[in-house]
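These entries record what I looked up in the structure shown below. I proceed from the surface to the charged pairs and then to single residues.

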Amino acid sequence: MQLNFFLVLFIFLTSISFGQEVKIVDSETKEPIAGVVFYNYNKSKNGVSDFDGKISLDNFSNYETIYFQHTSYEKITSTKSQIQKINGVVILKPGSGQLDEIVLSVTKFSQSKNEITQSVVSISAQDALFTQPQTTADLLSNSGKIFVQKSQLGGGSPMIRGFSTNRLLMTVDGVRMNTAIFRGGNIQNILSIDPFVVEDTEVILGPGSVVYGSDAVGGVMNFYTLKPKFSFEEGMSFSGNAVARYATANEEKTGHIDLNFGLKEWAFLSSISYSDFGDLKMGKHGPDDYLRNFFIQTFNGEDIQTPNENPLVQKPTGYDQISLAQKVRYMPNEVWDFQLNLLYSETSDYARYDRLTRVRNGNLRYAEWNYGPQVWFSGNLQLERKSRSLFYDDSKFIIAYQHFEESRSNRSVDSSNRFQTEEQVDALSANLDFTKNIKSIDLFYGLEYVHNKVNSEGSVTNLETNQEEETEARYPDGSTWQSYAAYASLLWKISPKTSLQSGLRYSQFQIDATFDNRFYDFPFEDTQINTGNLTGSIGLTYQASEILGLRTNFSTAFRAPNIDDIGKIFDSEPGSVVVPNPDLKAEYSYNGEVGATLNFDNILKVEMATFYTKLENALVRRDFSLNGETEIEYQGELSNVQAIQNAADARVYGFEAGVRINFCETLSLQSNYTIAKGYEELDNGNKAPLRHAPPQFGNTRLVWKNNRIKIDAFVNYSGEISAENLAPSEANKPEIYPVNSNGDLYSPGWYTLNLATQYQITDFLLLSASLENITDQRYRTYSSGIAAPGRNFIAAVKYTF
């Protein structure tokens with residue numbers, strides 16, 4: 001391998017600072033590589049590189065063959081003596097290898113993927129750079145393994161194995177992002193995570209309650225952001241990245257810059273991203289039901305239903321967003337590692353497009369329906385200490401504070417009253433996690449505390465008089481939700497081919513809420529819930545041969561009721577209002593999974609998994625009565641009363657498959673396919689399709705690449721959900737779904753043809769260009785209230801310095 005001038009200079013500077021310390025770097029970017037597995041011939045000596053690509057070879061002899069392996073790089077061998085001759089640097093070339101991928105999310109510590117009994121989707125920063133997602137929701141969707149719903153352009157609600165919203169858990173750098181007001185309806189909190197600062201993404205498919213607690217029923221989405229980098233030279237080093245991007249479908253204009261200042265023991269990272277999105281244009285070929293033929297304009301206080309000059313343009317959908325990050329890292333030695341992470345994101349107002357397309361008596365119903373600025377601040381201090389003590393080898397302590405703001409405002413056509421609710425959540429959390437190796441057993445255990453305080457207020461403003469009055473809030477103001485938990489799990493390497501993983505967790509939850517009876521005469525004034533839940537898991541992996549790997553897993557999970565469940569007041573659908581119900585308990589799931597991997601010398605690799613989940617005491621929306629009344633007036637309209645209740649059992653089952661064929665070093669084919677089916681039992685005993693079980697979906701990619709050029713021709717596709725298989729809650733949404741030949745609502749299947757390219761012009765300059773939805777299809781992903789982009793040209797340039 002020939003080294004260019006900059007790589008030689010990099011190695012020289014590394015040798016000055018660290019002498020014979022071993023560091024693993026990328027041959028093209030010169031960046032350190034985390035998660036590289038290294039071992040000797042019989043694997044009696046092994047290890048994994050840390051986030052800075054550092055390893056220790058103290059246990060290896062000078063001339064012993066050492067193997068270096070990573071999922072995204074070509075496998076190489078070397079010796080300690082050879083590495084010392086090149087100043088302690090190991091250089092890996094990007095490749096198509098897929099062995100021994102390292103994941104962090106299952107136990108919060110590094111593990112080989114071959115030892116994990118669950119399905120895990122990994123998305124690297126290189127993947128994100130190539131696909132150029134506008135939001136982190138798009139980052140997941142582009143993988144072809146996660147289905148994403150959107151009610152508006154400023155949205156993105158993932159669906160995993162038939163579950164969504166508050167039955168999925170999100171973490172950022174190990175900090176729980178779910179709050180006490182995460183709802184059962186589609187959410188868009190993932191929008192707050194800046195895709196430019198996400199270094200690695202790991203999504204656990206299936207339950208994760210043993211390690212992560214409540215809400216981890218269908219899956220856990222873990223986002224790991226960039227870490228500050230230390231200097232490899234005397235004094236301070238300076239580096240960074242600048243990105244500019246433009247997309248035609250919504251006239252996106254995005255800019256990003258990150259700066260890294262590194263010293264020997266201190267490192268600092270600053271990042272800023274800004275995006276301006278215009279109104280989204282849909283494709284030409286598809287259902288006319290999606291066209292935006294009219295929209296409301298207000299002139300001198302009068303609402304006018306105006307013809308849309310271009311019905312393909314979805315008005316109004318545009319918004320803008322800014323994201324900031326500041327990080328500090330201090331590592332005085334190999335034992336201690338301190339990190340301070342500060343993240344901030346804020347959007348402008350953005351329209352809830354599906355509500356703006358609702359009609360009443362043949363005319364548009366709402367003149368305004370906006371989400372207010374969505375604000376998220378996260379600050380956390382993380383301490384990691386390595387030790388060889390009796391109780392642990394590695395420990396992590398995280399203390400975090402998060403602040404969330406969201407609001408909603410709406411006004412009906414020809415009404416002078418604008419209704420608004422505003423919510424704030426202050427979230428405190430602390431996590432203490434340990435790992436200890438005892439011969440063939442790796443032990444993981446820890447403690448967690450979470451506290452949420454919810455502030456909520458409601459108001460109505462008369463636009464003619466400009467008078468504002470207080471009205472019902474969405475949630476009980478000042479309510480709190482907290483959790484205490486302890487967990488323990490172990491990985492027992494029974495033999496070189498067989499591993500067993502098992503764990504238990506106990507969680508105690510407390511809710512304290514006081515209800516405001518000034519606007520509605522609730523039959524209760526306050527509620528206190530104090531309940532506990534025990535969950536567990538057990539799984540087995542068996543590497544039958546170099547070709548065949550098998551795994552199975554059984555686990556339980558739960559979702560404790562939150563403030564949104566017990567105390568919310570909102571209009572769920574036209575003519576219905578949801579009211580508080582404090583008489584709730586946790587829903588509980590039982591999950592079984594069987595998977596297999598076939599790997600034919602890294603030329604052909606096939607991964608398959610099938611799963612089945614039973615959900616008991618499901619928290620669902622059902623008809624309700626308030627003081628014996630089944631209808632009440634809400635925002636001036638007589639509405640049917642509903643509430644969240646433990647009123648259903650559900651079943652979800654499905655199959656996932658992925659295949660990769662490496663035709664040669666430069667050409668490969670990748671394909672992913674997922675099918676999930678589900679049903680819930682209704683009050684009358686009948687079975688109905690599950691709302692969050694998406695249609696079959698996937699993608700197929702043909703990728704060609706060499707040292708500087710990468711070309712990806714790919715197709716995304718999704719199946720149809722017929723009228724008879726549409727969930728009852730979806731069958732009354734004509735603003736979302738088109739009608740079939742019988743006049744019934746359904747979700748059509750769709751496909752898109754796409755081409756993405758990337759060209760490394762110089763070592764510092766990278767150009768990306770993509771043409772998505774080449775045939776200009778007009779479609780909506782299932783349950784989405786906004787049509788997807790039509791033909792879309794994306795151009796981006798990245799400069800590294």
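Predicted model: local features only at pLDDT ≥ 70, side-chain atom pairs only at ≥ 80, totals over all residues.

**Entry 1: surface patch.** Which residues form a nonpolar patch on the surface, and with about how much accessible area together? I found the nonpolar patch to be formed by Trp704, Ile709, Ile711, Leu755, Tyr759, Ile761, Leu767 and Val797, which together have about 590 Å² of accessible area. Two or more residues of the patch are given by strand 49 (709-718) and likewise by strand 50 (750-760). I then looked up Ile761, which sits in the loop between strand 50 and strand 51 (765-772). Ile761 counts as partly exposed because its relative accessibility is 34%.

**Entry 2: strands 46, 48 and 49.** I followed the pairing of strand 48 (residues 697-705) on to its partners. With strand 46 (residues 667-681), strand 48 pairs in the antiparallel sense over 8 bridges; Asn672 is the residue opposite Asn699 of strand 48. With strand 49, the pairing of strand 48 is also antiparallel and covers 9 bridges. Here I noted Lys705 opposite Lys710 in strand 49.

**Entry 3: salt bridges.** How many salt bridges does the structure hold? I recorded 39 salt bridges, and I looked up several of them.

- Arg505 and Glu448 meet through their side chains in a salt bridge at 2.6 Å, N to O. This pair links distant parts of the chain, with Arg505 in strand 37 (residues 498-514) and Glu448 in strand 34 (residues 441-462), 57 residues apart. Arg505 is buried, since its relative accessibility is 2%; Glu448 is buried at 11% relative accessible area.
- Glu593 and Arg551 form a salt bridge between their side chains at 2.8 Å, N to O. They too link distant parts of the chain: Glu593 belongs to strand 42 and Arg551 to strand 39 (residues 548-559), 42 residues apart. I find Glu593 buried, with 3% relative accessible area, and Arg551 buried, with 16%. A network of salt bridges links Arg551 and Glu593 with Arg161 and Glu656.
- Asp763 and Arg708 meet in a salt bridge of their side chains at 3.5 Å, N to O. The two are 55 residues apart, Asp763 in the loop between strand 50 and strand 51 and Arg708 in the loop between strand 48 and strand 49. Asp763 is partly exposed at 26% relative accessible area, and Arg708 is partly exposed at 36%.

**Entry 4: Asn599.** Is Asn599 buried or exposed? I found Asn599 in strand 42 (residues 587-600), and it is buried because its relative accessible area is 7%, under the 20% cut-off. A polar atom of the Asn599 side chain lies 2.8 Å from the backbone nitrogen of Asn602.

**Entry 5: His256.** I looked up His256 in strand 19 (residues 252-262). His256 is buried, at 5% relative accessible area. Its side chain reaches the backbone oxygen of Ile272 at 3.3 Å. Beyond its neighbours within four places in sequence, His256 has contacts that include Asp194, Phe196, Asn241 and Ser271.

Entry 6: I traced an open sheet with mixed pairing and the strand order 10-16-17-14-15. Its edge strands, each pairing on one side only, are strand 10 (119-124) and strand 15 (175-176). Strand 14 (residues 168-172) runs antiparallel to strand 15 and is joined to it by 2 bridges. Within this pairing, Thr171 has Arg176 of strand 15 as its bridge partner.

Note on methods: Residues numbered from 1 in each chain as written. Heavy atoms only, no water. Helix = DSSP H or I, 4+ residues; strand = E, 2+ residues; numbered from the N terminus. Buried < 20%, exposed > 50% of the residue type's maximum accessible area, 1.4 Å probe, protein only. Polar contact = N/O pair within 3.5 Å; in protein donor to acceptor, adjacent residues only side chain to side chain. Contact = heavy atoms within 4.5 Å. Pairing = 2+ DSSP bridges. Patch = residues over 30% accessible without salt bridge, like charges linked within 9 Å, V, L, I, M, F, W, Y side chains within 5 Å. Areas by Shrake-Rupley, 256 points an atom, 1.4 Å probe, with all protein chains shown as cover. Salt bridge = Lys/Arg side-chain N within 4 Å of Asp/Glu carboxyl O.
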